[in-house]
Amino acid sequence: MTPATATLRRLPLPAWEPPYDDEVGPPALVRTGRNENSAAVQGTLALAFLLPSGVPAVPEVPLELVCPPDLRLVAPAEADEVLDEAEFGPQPTPRAALPEPRTWAGRFVQAVVEVLAGDRPVSQLVRWTTTEVYDDVACRITSGARPGSPTPARAVVRSVHVTEPADGVAEVSALVRRGIRCTAVALRLEGMDGRWQCTALELG
């Protein structure tokens, strides 16, 4: 059986000059006297033929590749907005996704006074405070009791009052009692990354 022979035909060379600014449509069009809308031929040889199966030897190029979408320069202001959206900084958390602030604040204040008394390591507060609050607490830590001195009474949180001026924000005032002495503690909590975080702390 004689194998099928591909039939060759000559085609005019395509025009590869870049398009002018006022031209519209596919830049690579073959302009001939018979048909000005013939598709350009890929490659350097102006030959087109069919395979024995009838499929073109050179696949057609999709129109979106022949005529890619227009590109535009991004203004500096728009670029800054894109960068801001891509930053991975702390993300505010709404009140509905946070624990009840009064109970949480009472436990946090208790942890703070125990840290200040040297009964708890300050590192336990790092997740729940900003850098400024953490450094301030760390500077206030008292040294251990001197030999022979009486053991100070343990500080206990007696009351906690909470106001919520905005969604995901809680302002707290607490009363701490140590023996016969009472002191006040004020703090601001903000929802960040799914948890409460102390952003301001005032110790009486």
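**View 1. Buried residues and overall layout of the protein chain.** Buried residues account for 22% of the 204 residues in the protein chain. The model shown is predicted. The protein chain has 4 helices and 8 strands. Along the sequence, these elements follow the pattern β-β-β-β-α-α-α-α-β-β-β-β. The accessible surface of the protein chain is about 15200 Å². Carbon and sulfur atoms contribute 57% of that surface. Contacts in the protein chain between residues at least 6 apart in sequence were also sorted by separation. Of these, 49% join residues at least 24 apart.

View 2. Helix H3 covers residues 101-116. H3 has 16 residues. From its first C-alpha to its last, H3 reaches 22 Å, close to the 22 Å expected at 1.5 Å a residue. Because 13 of its 16 residues are buried, H3 is largely enclosed by the rest of the structure. At the start of H3, look for Glu100. A side-chain oxygen of Glu100 comes to within 3.0 Å of the backbone nitrogen of Arg102.

**View 3. The stacked rings of Trp104 and Phe108.** The structure holds 2 aromatic pairs. In one of them, the rings of Trp104 and Phe108 have their centres 5.4 Å apart. Their planes meet at 10°, so this pair is stacked. A stacked pair needs planes under 30 degrees apart. Both residues belong to helix H3. Trp104 and Phe108 are 4 residues apart, about one turn of the helix. Trp104 and Phe108 are both buried. For Trp104, the relative accessible area is 16%. That value puts Trp104 in the buried class, because buried means under 20%.

**View 4. Trp104 and Trp128, edge-to-face.** The rings of Trp104 and Trp128 have their centres 5.9 Å apart. Their planes stand at 70°, so the pair is edge-to-face. The edge-to-face class needs an angle over 60 degrees. This pair links distant parts of the chain. Trp104 is in helix H3, while Trp128 is in the loop between H3 and helix H4 (131-140). The two residues are 24 residues apart. Trp128 counts as partly exposed, at 27% relative accessibility. Together, ring pairs join Trp104, Phe108 and Trp128 into a cluster.

View 5. Thr129 lies in the loop between H3 and H4. Is Thr129 buried or exposed? At 4% relative accessibility, Thr129 counts as buried. A polar atom of the Thr129 side chain lies 2.9 Å from the backbone oxygen of Leu125. Leaving out residues up to four places away in sequence, Thr129 touches Phe108, Tyr134, Gln197 and Cys198. Phe108 also belongs to the ring cluster with Trp104 and Trp128.

View 6. The C-alpha atoms of Asp119 and Ile141 are separated by 10.0 Å. Along the chain, Asp119 and Ile141 are 22 residues apart. Pro121 lies in the loop between H3 and H4 as well. Pro121 counts as partly exposed, at 43% relative accessibility. The C-alpha atoms of Pro121 and Ala138 are 9.5 Å apart. These two residues are 17 residues apart along the chain.

View 7. How many disulfides does a search of the whole structure find? The search finds 0. Cys139 counts as exposed, with 70% relative accessibility. Cys182 is partly exposed, and its relative accessible area is 42%.

**View 8. Asp193, a residue with positive phi.** Where is Asp193? Asp193 is in the loop between strand E7 (181-192) and strand E8 (195-203). Its phi is near 55°, a positive value in a residue other than glycine. Most residues other than glycine have a negative phi. Asp193 has a relative accessible area of 42%, so Asp193 is partly exposed.

Note on methods
Residues numbered from 1 in each chain as written. Predicted model: local features only at pLDDT ≥ 70, side-chain atom pairs only at ≥ 80, totals over all residues. Heavy atoms only, no water. Buried < 20%, exposed > 50% of the residue type's maximum accessible area, 1.4 Å probe, protein only. Contact = heavy atoms within 4.5 Å. Areas by Shrake-Rupley, 256 points an atom, 1.4 Å probe, with all protein chains shown as cover. Phe/Tyr/Trp six-rings, centres within 6.5 Å; stacked < 30°, edge-to-face > 60°. Polar contact = N/O pair within 3.5 Å; in protein donor to acceptor, adjacent residues only side chain to side chain. Expected span 1.5 Å × (residues − 1). Disulfide = S-S within 2.5 Å.
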